[in-house]
Amino acid sequence: YTGISGGGVVKVTVDGKGNIKGISIDPVVVDPNEVEMLEDLIVAGAREAQDRARKELEREMDQAAGGGALPGLGGLLG
């Protein structure tokens, strides 16, 4: 899937799970000699944000489950 912003100057491609696979930035909006580095920096930043969001979701899910095994399931899950 591809998302487009800035009238088409920025394109972000993700897989079916929402993981970023690539970013493309039209050189007209940045120094043409620095486009590839900027793209790499944006991908790295986006991945970090995704990791943080995933960790927060895991923390919230764990908290909602009472911080441990779900009650009443005994040894069914392991």
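**Reading the helix, the core and the charges**

Tutor: Helix α1, residues 35–64, has 30 residues and reaches 43 Å from its first C-alpha to its last, close to the 44 Å expected at 1.5 Å a residue. The expected span is 1.5 Å times one less than the number of residues. This is a predicted model, in which local features need pLDDT of at least 70 and side-chain atom pairs count only at pLDDT 80 or more, while totals for chains, interfaces and linings use all residues. Residues are numbered from 1 along each chain as its sequence is written, and side-chain values use heavy atoms, with hydrogens and water left out.

Student: How many helices and strands does the chain have?

Tutor: Helices (H or I, at least four residues) and strands (E, at least two) are DSSP runs, numbered from the N terminus. The chain has one helix and three strands, and along the sequence they follow the pattern β-β-β-α. After α1 comes Gly66, whose phi is positive, near 85°.

Student: Which residues of α1 are buried?

Tutor: Buried means under 20% relative accessible area, exposed over 50%, and partly exposed in between (1.4 Å probe, protein chains only). In α1 the buried residues are Val35, Glu39, Val43, Ala46 and Gln50. An α-helix has 3.6 residues a turn, so residues three or four places apart point the same way. The cover over the buried residues of α1 includes β3 (20–25). For the chain of 78 residues, 13% count as buried.

Student: Which residues make up the largest nonpolar core?

Tutor: A nonpolar core is a set of buried Ala, Val, Leu, Ile, Met, Phe, Trp, Tyr and Cys residues joined through side-chain atoms within 4.5 Å. The largest one here has five residues: Ile20, Ile23, Ile25, Val43 and Ala46. Both β3 and α1 supply at least two residues of this core, and β3 gives the most, with three residues.

Student: Which residues does Val10 touch?

Tutor: Val10 is placed in strand β2 (residues 10–14). With residues up to four places away in sequence not counted, Val10 touches Gly3, Ile4, Ser5, Ser24 and Ile25. Val10 counts as partly exposed because its relative accessibility is 24%. The C-alpha atoms of Val10 and Val29, 19 residues apart along the chain, are separated by 9.2 Å. Across the chain, among contacts between residues at least 6 apart in sequence, 12% join residues at least 24 apart.

Student: How many salt bridges are there?

Tutor: Side chains of opposite charge can pair when their charged atoms come close. A salt bridge is a side-chain nitrogen of Lys or Arg within 4 Å of a carboxyl oxygen of Asp or Glu, and by this rule the count comes to four. One of them joins Asp15 and Lys21 (3.9 Å, N to O). Asp15 is partly exposed because its relative accessible area is 23%, whereas Lys21 is exposed at 57%.

Student: Where do Arg54 and Asp51 lie?

Tutor: Both lie in helix α1, three residues apart, about one turn of the helix. Arg54 forms a salt bridge with Asp51, the closest N and O atoms being 3.1 Å apart. Arg54 is partly exposed at 39% relative accessibility, and Asp51 is partly exposed with a relative accessible area of 39%.

Student: Why are Arg59 and Glu56 separated by about one helical turn?

Tutor: The reason is that Arg59 and Glu56 are three residues apart in helix α1. Their side chains meet in a salt bridge (2.5 Å, N to O). Arg59 is partly exposed at 42% relative accessibility, and Glu56 is partly exposed at 32%.

Notes:
Contact means heavy atoms within 4.5 Å.
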